[in-house]
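Have the model open and follow along.

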Amino acid sequence: SGRYLQAEFAADLAAVYRGDVGASSEYKDPSEFYRRTYLTDGLRGLVSTAIKRLSGQGGDPVVELQTNFGGGKTHSMLALYHLVSGTPAGDLPGVEGVLDELGITDVPKAKVAVLVGTALSPGQPNIKPDGIRTKTLWGEMAWQLGGAEGYALVADSDKNSTAPGSDTLTNLFTAHSPCLILIDEWVAYARQLFDKTDLPAGSFDSQGTFAQSLT
């Protein structure tokens, strides 16, 4: 219809997670998103992997999306975000076909953590509605997955700005599974910490340690 602005073609995962009024329905509404999305072989494979993993039937636990700028990484993450939103598969065009191939009746609803590096501030704590102040990516992730209960598992690591160990993260994921963690623009976040040792988010090196523990 010629009503689209060029800027609206830039998918914004953080805006969708926050439910921003300005985010277009094509990105915010799960059914509309899938209606407008052509499931390429790559995207179909990603959706299939996620369904299998969340259903306890295999599937890679960690997926690294590698594309050029504008290659669809954020769009792919939005597809996963809406996939586990609790929307019936019948309302997500294309997903029922994937379920039929897998012999699975529906997509499990999952708790989701959305970490977008350009939306989070490494130098400023994020104050939550319940009063908790998250300083790091791991603190933010734990709170999104389990609220105060989830945050308590990584509270010391968040307050000290040191990456939690894999045992701690295993306890977090076990307590709040199934869960989906989406990380976008991590490089944009981490490069602000380079040669810095006094920011709430921790050091540049702590990002690499967290990545290793997480994966």
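Which residue just after H6 takes a positive phi? That's Gly-103, with a phi of about 70°. Keep in mind that this is a predicted model.

**Helix H6**

Let's step back into the helix itself. H6 covers residues 95-102, and its buried residues are Val-95, Val-98 and Leu-99. Look down the axis of H6 and these buried residues fall within an arc of 100°, so they line one face of the helix. Turn to the face of H6 away from its buried side and you'll find Asp-100 and Glu-101, both exposed.

What covers the buried residues of H6? The cover includes helices H3 (30-36), H4 (41-54) and H5 (73-83).

**Aromatic rings**

Now for the rings. Searching the whole structure turns up four aromatic pairs. One of them joins Phe-33 and Tyr-34 edge-to-face, with 5.6 Å centre to centre and 80° between the planes. How do the two partners stand in terms of burial? Both have a relative accessible area of 1%, under the 20% cut-off, so Phe-33 and Tyr-34 count as buried.

| Residue | Relative accessible area | State |
|---|---|---|
| Phe-33 | 1% | buried |
| Tyr-34 | 1% | buried |

Elsewhere among the rings, Trp-138, Trp-186 and Phe-210 are linked into a cluster by ring pairs.

Definitions and conventions. Residues are numbered from 1 along each chain as its sequence is written. This is a predicted model: local features need pLDDT of at least 70, side-chain atom pairs count only at pLDDT 80 or more; totals for chains, interfaces and linings use all residues. Side-chain values use heavy atoms; hydrogens and water are left out. Rings of Phe, Tyr and Trp (its six-membered ring) pair if their centres lie within 6.5 Å; planes under 30 degrees apart count as stacked, over 60 as edge-to-face and the rest as tilted. Buried means under 20% relative accessible area, exposed over 50%, partly exposed in between (1.4 Å probe, protein chains only). Helices (H or I, at least four residues) and strands (E, at least two) are DSSP runs, numbered from the N terminus. The arc is that of the directions from the helix axis to the C-beta atoms. Contact means heavy atoms within 4.5 Å.
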